[in-house]
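Open your viewer and have the selection tool ready. We will go from stop to stop, and at each one you will pick something and see what is there.

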Amino acid sequence: MNRSVWIKKLKFLVDIRPEEISQTVLMFAYFFLVIASHTIVKSTRDALFINKYGAEQLPYVYIGIAIVAGMFMPIYSRLAQATERGVLIIGSNIFFVVNILAFWWLFHTYDWDWLSYGLYIWASIFSAVSTTQFWLAANVTFNPRQARRLFGFIISGGTLGGILAGSIARGVVARIGTENLLIGVAAMLLACVPIIRRVTQQESVGYTGRASAQKSDQNIGGAFALIQKNKHLTLLTMIIGITVIATTLVDYQFKIIIQEAYQTKDALTGFFGSYYAYINVITILMQLLVTGQVLKRFGIGVAILIMPIGLFFGAFSILFFPALWAAIFVKTCDDSLSVSVNKSGIEVLYIPIPAEVKAKTKAFIDVVVERASRGIGGLLLLLLTAGLSLSVSQLSIFVLLLLGVWTFIGMRIQKEYIASLEATLQKRSLDADALSVNLSDSSTVNHLLHILDSKNERQILYALEFLQDTNAPQLLTPLLPLLHHPSPEVKVQTLRLLFNIGSQEFTAEIEALLEDNDNNVRAEAMNYVCTHGDENPVQKLRSFLIHTDYRMKGAAITCILRYGGDEERALLARDLIEEMLQETGEQRTIARQEAGKALGALDANSPLQDYLLELLNDESIDVVKGAIGSAGRIQRVDFVPFLIEKLGDSTTRVLAREALANYGSAVFEPLIHIMTDEEASMSVRRHIPRVFDLIQHQGSIDALLSNLNQDEIEIRYKIIKALGKLRESQIGMADSRNFVEVQFHPEMVESYIFAELKNYYHLLMIFDLQGENNPLLLKCALGEHLAQLKEMIFRLLGLTYAPDTMYNAYRGVTSANPRIRANAIELLDGILVRHIKRMLLPIIEEGSQAEAMQHAFALWNLNSITKEEGIATLIAGKDKWLKACALYIVGQRGMQELAESVKDLLESPHPLIREAAEFAWRKLG
């Protein structure tokens, strides 16, 4: 049978992709053998123990399991640290083979009382370790999205193994005896060895089989400490522990009732063989029909709550009807759900945990926590049965209480699962604004002062930022050397900090900085000298304003604009400014530049402000920059057109943006008019949205959202970015006293998300139509647009969901690492509302474009089109670059049927489109 036939048969059962078949089939076979061996071991150990000692002795076994597991775990941890995973699993299997053969020999040779106890305890450790090793391999082999699709099918392999093994145990036990079933277990474990070799050789790249952590982290204490630090792992450990305690009570109830119905060893083995076979039939149906659908449609939250709901009805039945049918019903809920829906859910919960943490904690949880919980269950049983003399049915009261706690934790862990997924994507970086420093702590201040000796300018500025609120005199000595630092920013911050301290001791040294090349340094030094010097501050400033060096005048003007009051601003008199404007010598440019700055301190109605219009169009860019700053302070309406024009120049763009933002809502109308005018310069239009994001106002949000229906993708992109910055600013100000809540109109945002998704699917359909022969130019253009649309969709999602979460999700879905990408998709699947999720996930999933297009046809009722119709659509569209590329393709391919469309564009006002149309027209003859 060829590969394609196998793919079709597998896809009928499970959503599997060609590249996943090999690993999926191997893991299916591996789990088949693991669970088959478990089934026979459980049937054998249960029959031997109950026949010899009775089910009443089970609490002591549960306690013994906990003790032995605690002794075994450190040994296993050290082996895991020193051994490659493949070698560890194979070695463990061979070790268990030797053990099982030893038990078989001992049962035939000796009649020791402890053998049944030993087999029961050994079987529990064997089951935990072999299952844990399987799931560690599965967690590394498959990412979260694959896990949702494939775990149900893989687990059904184990269920099928349980069915066959249970049937064999029931059928042959009468002929060969209970003890001889152990030979079959040894054979199955040996058969796992070649499969394990293949699986561990092919598993995902990026995981190291040998633990890389220090030994201290590999022991029980290290694993426990890791669990305590991680809320997700803490809740996961709690839910597993409570599950085990509850199911221990259920297991005891079940076996007490079964003991009364079956009296002999082989009868018990036959019953347990039949029971486990039927259980596995139910389980495989659950796996194939329920598990995958629950995980895929409802998510992890529902999956981990199904089992406690099932056990609730079972425990309730035994409480009132302690009969054989009730015992089988509750145990069936336990066994079928624990290895199907619940197990898949628990294993998916492990996936966001980092591989190195998982390697250190999963074996601890699966072996120590589960077995310790089994011991706690045993102690609880002794207390309830021997101490309080409760009946089998009355134990259900405590089972129901445990199920209530289980449900509560299960509801909480879903949120932590999403948080853990987000944490795996989040970029960790130093955020100076978010870091709080206790400056009353001398050790903290000393640490910051130590940083001042660093050669790293960024670190020095970081330390100075936090020391700004400190005026301790002991700062003087470490600060003074920074006055000679090569960085102007460092000198400015140092001067501001020294100003706060206010010592006159170093005024002469600071006065030397009045000759510095940087105007900001000169202005800060001047502020210090005038404030802390011996002379009157106003008189000192006046002396600087009449200085023959315009650099000194400029520093004085900057100082007045930055720190001056009414008295200081009055120094900027009309005659001073006119003198500077009339300068014709070598200092003309700097004189006009400083005059432009000085105008910003005058009243808006001053006749001198007419000079600003002249300075805004000066031939010197430095003069223009000074004038722009003043125009933003004066805020005269007639300056607005000049400032908008300056947005198109990269040298003045930032200053023009800040100046326009100073106008507030008064500038909204002219900005929107230019932004939406298709005839206006694109170099100006695309920078207008940034002005709005500087104006922290509901009107900015409303204006941007109302104009998000622009045809030009670049304008839409810039508007969405500006809205995102407003959203981030809103979140950042949430704790501020001046916080005013604004509304981002989620219904409107959602409509734009749908519109961009539809645009994406439409372009994807045209892209897909071109096939392998898709011309490189058009392929690149469409690819760039698709990538930009995808980013825009995520930015829009950031307006209604947490922006950081959406940013991390976007980085994740565009990552080249498949595991990071899958984690991001899983995160989105967990937090997005259903109607958005069903539209977005198909374009970011691992499937083919063809699958995404099939989804699009169903969602949007898109009609199938031909290649020619796709090209025609681009020509008729509004995007100029795609239109030009499509025209070029028409010419290359000689598409005569589009000649009329080409002819209509020969007179296009847009030069790029006109040139492409002329090229196509010449090619069409």
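Select C192 first: at 0% relative accessibility, C192 counts as buried, where buried means under 20% relative accessible area, exposed over 50%, and partly exposed in between (1.4 Å probe, protein chains only). This is a predicted model, in which local features need pLDDT of at least 70 and side-chain atom pairs count only at pLDDT 80 or more, while totals for chains, interfaces and linings use all residues. Residues are numbered from 1 along each chain as its sequence is written, and side-chain values use heavy atoms, with hydrogens and water left out.

Stay with cysteines and select C530. C530 is also buried, at 4% relative accessibility. Which cysteine sulfur is closest to the sulfur of C530? The one in C559, at 5.8 Å, too far for a bond. A disulfide is a covalent bond between the sulfur atoms of two cysteines. With a disulfide taken as a pair of cysteine sulfur atoms within 2.5 Å, the count comes to zero.

**The whole chain**

Zoom out and colour by secondary structure. The protein chain has 45 helices and zero strands; helices (H or I, at least four residues) and strands (E, at least two) are DSSP runs, numbered from the N terminus. Of its 925 residues, 55% count as buried. Contact means heavy atoms within 4.5 Å; among contacts between residues at least 6 apart in sequence, 75% join residues at least 24 apart. The accessible surface comes to about 40,800 Å², and 56% of it belongs to carbon and sulfur atoms. Accessible areas come from the Shrake-Rupley method with a 1.4 Å probe, and for residues only the protein chains shown count as cover.

**Two threonines**

Next, select T131 in helix α5 (residues 114–141). T131 is buried, with a relative accessible area of 14%. A polar atom of its side chain lies 2.7 Å from the backbone oxygen of S127. Leaving out residues up to four places away in sequence, T131 touches V34, H38 and K343.

Now go to T243, in helix α9 (residues 231–261). Is T243 buried or exposed? At 12% relative accessibility, T243 counts as buried. Here the backbone oxygen of I239 lies 2.5 Å from a polar atom of the T243 side chain. T243 touches M307 and W406, again not counting residues up to four places away in sequence.

**Charged pairs**

Side chains of opposite charge can pair when their charged atoms come close. How many salt bridges does a search of the whole structure find? It finds 24, a salt bridge being a side-chain nitrogen of Lys or Arg within 4 Å of a carboxyl oxygen of Asp or Glu.

Select D516 and K491, whose side chains meet in a salt bridge (2.7 Å, N to O). D516 lies in the loop between α20 (507–511) and α21 (519–532) and K491 in helix α19 (residues 488–501), so this pair ties together parts that are 25 residues apart in sequence. Both D516 and K491 are buried.

R496 is in helix α19 and E524 in helix α21, so to speak two distant parts of the chain, 28 residues apart, linked by the pair. R496 counts as partly exposed at 29% relative accessibility, whereas E524 counts as buried at 3%.

Salt bridges that share partners join R45, D46, D251, K255, K331 and D334 into one network. Within that group, pick D46 and R45: their side chains meet at 2.6 Å, N to O, and both residues are buried.

**Two loop residues**

Select S389, in the loop between α14 (355–387) and α15 (395–425). S389 has a positive phi of about 55° although it is not a glycine, and at 56% relative accessibility it counts as exposed.

For the last stop, select H745, in the loop between α35 (713–732) and α36 (746–769). H745 is not a glycine either, yet has a positive phi of about 50°. H745 is partly exposed, with a relative accessible area of 26%.

Definitions and conventions:
Polar contact = N/O pair within 3.5 Å; in protein donor to acceptor, adjacent residues only side chain to side chain.
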